[in-house]
Every structure is written in structure tokens, then in C-alpha cells.
Amino acid sequence: MSTKKPGGHPARAGQAEDAREARRAKAAALRQRELARERSRRVLLISIAVVVVLAIVAVVVVVIDRSRKDDVPLAAQVVPPSAGAKGAGYVLPGTPAAGVPTLDVWIDYQCPYCKEFETAAGDSVVALAADGKAKVVVHTLTFLDGNLGNDSSQRAAEAAAAADAQGRFAQFSKVVFANQPAQEGAGYTDAQLRDFAQQAGVADLAKWQSAYEGHAYRDYVDSIEDSMKENGVSGTPTVTVTPEGGQKQEIPTQDLLGSDPVTAVAQAVAAATKTS
């Protein structure tokens, strides 16, 4: 009679159980790695999808913007009378005395710092031109449209050109800045710009409206924007003083936005004035 007990050798049974546990652990680890790879694939696919969607949206926005511009019937393109040529800024009224410098002022109608400068020193800059102490040239930029996602700088600049056609450029600019929205990027409506023209004393609003709606000054406004780089301008407000036959000097931004920008500009102009 056999005396072998059922169940086999105890040591061998323990080894078999250990092997099964090892296989289960290995399988679990494999499943975890596979799950991790799957999660990574999902994250990658989602990221790619997001990038593709954003790219499509960007393309659509550009296409719509170009289509909107291309679809608008343009009036005959003209240059504002105070500018005289494409790429040239508005020369403010006044007869410069001999030896006085040129004061170039670069602005964007949506720029809050330009509003700050205009509020503090705008009238004094106009007076420098009127009194013959400097040839003052104002350049209207539109680069903030791209930063803020609207076209208010472009439309305001075209509206300013239409106002200049009736001798009210400086007055229009003053009204625009006085009514600049507190929230940067809120922009201006067409109705607001027309109201600004009226407040600025534009006499023939129908003529102004026709030029504005027909984008008669679009090419001119674009030419000013295109002139930024060659003039070394990278932001607004930028104010430079160029002595007669001399080198252009930029007035530091901290002086333009400091406690007394009127004095800062006047001193820069005086220092650049040639005396006989």
C-alpha cells in the first residue's frame, strides 16, 4: 500500500505558486506599461488635434480678414493733404523758423500710453508747430490691430486722414484719444468715429463719410505702417528730434510718460535748434 500523500511535495507546490505570482506580476506590469503608452498616445493625438484646429482657425481668420478687405470696393486712393506723399506723416500747421528741428511723433489710436502722452503734451506739441519752434510730423500706426485682434487702429487712422482732408487732423486725433476706451482692445465703432469727426469740427460729414467708407486712404495708412522698420520705430509713443542737417535723437519713453513731458519735449527741441 502506498504511503504517498496527495498534493505533491510541499516545496515544489510553493515554487509553483511563486512562479504563478511572478507571471501575474509580470502581466500586470505589462498591462500598466500598455495603459501608459495608450495614455501617451491619446495625449499626443489630442495635442495634435488642438494644434491642427488652432492652425485652421488662424487660416480662416486670415482668409476672412483678407476677403473682407478685398471685397470692400475702394475709392480712388489718395494721400492726405498734410502728408504730401505715401510713407510721410502729417505735417502740423505752422511755419518753421530757420534752424529749428523736426519733431516726429509716432502714435497708434488704440495705444493707452499714446493717450497718456496726448493728454499731457498734445496741445504743447501742436503749439510748437504753430509757433514755428519745430516742424512737427505725426505718423499714425496700426500695429496694435494685430495684437488686439481688431481693426480699430486702421479704421481710426483712415478716419483721421479723411479729417485731414478738411483741415482737422490734430483736432480729430485729440477727440479720439479723449474717448479711447478704458479697456484696451475694445476699439471704436464706425458710428463713434463719425461722431469724433463731428466733434473735431469736420464741416462736410458726408464727404468725410464717403472717403471713410470707400477706404480712400487705406494705401496711405498702410504705407505709414510699412515705414516703421526703416525709421527704427518699434512701439508707441515714439518721439524723435532731428536737428537741421543732424542726427535723429529719440526722447526717452520715461520722459514722455513722466511727470512733465511738456518740458521734456520742449527742452529736446530747444537743444536741437540751431542758433545763428
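Trainee: What makes two strands a pair in this predicted model?

Mentor: Two strands pair if DSSP finds at least two bridges between them. β4 and strand β5 (residues 249-250) have two bridges, in the antiparallel sense. That meets the cut-off, so they count as paired. In β5, Gln249 is the bridge partner of Val241.

Trainee: What lies between the strands of that hairpin?

Mentor: Six residues separate β4 and β5. In this hairpin Gly245 takes a positive phi near 70 degrees.

Trainee: How do you know that strand β2 (residues 102-108) pairs with β4?

Mentor: Five bridges join them, and the cut-off is at least two, so they pair. They run antiparallel. Trp106 stands opposite Thr238 in β4.

Trainee: Why is β4 called largely enclosed?

Mentor: Buried means under 20% relative accessible area. Five of the five residues of β4 (residues 238-242) are buried, so the rest of the structure largely encloses this strand. Thr238, Thr240 and Thr242 point one way, Val239 and Val241 the other. In a regular strand the side chains alternate between the two faces of the sheet.

Trainee: How do you know that the length of helix α4 (residues 152-164) agrees with expectation?

Mentor: At 1.5 Å a residue, its 13 residues should span 18 Å. The end C-alpha atoms are 18 Å apart, which agrees.

Trainee: Is α4 mostly covered or mostly uncovered?

Mentor: Mostly covered: 13 of its 13 residues are buried.

Trainee: Which residues have the most contacts inside the largest nonpolar core?

Mentor: Leu103, Tyr109, Val136, Phe172, Leu193 and Trp208, in a core of 56 residues. α4 gives the most to this core, with seven residues. Val136 touches residues including Tyr90, Leu103 and Leu128.

How values were computed:
Residues numbered from 1 in each chain as written. Predicted model: local features only at pLDDT ≥ 70, side-chain atom pairs only at ≥ 80, totals over all residues. Heavy atoms only, no water. Helix = DSSP H or I, 4+ residues; strand = E, 2+ residues; numbered from the N terminus. Expected span 1.5 Å × (residues − 1). Buried < 20%, exposed > 50% of the residue type's maximum accessible area, 1.4 Å probe, protein only. Core = buried A, V, L, I, M, F, W, Y, C linked by side-chain atoms within 4.5 Å. Contact = heavy atoms within 4.5 Å. Lists of a residue's contacts leave out its neighbours within four places in sequence.
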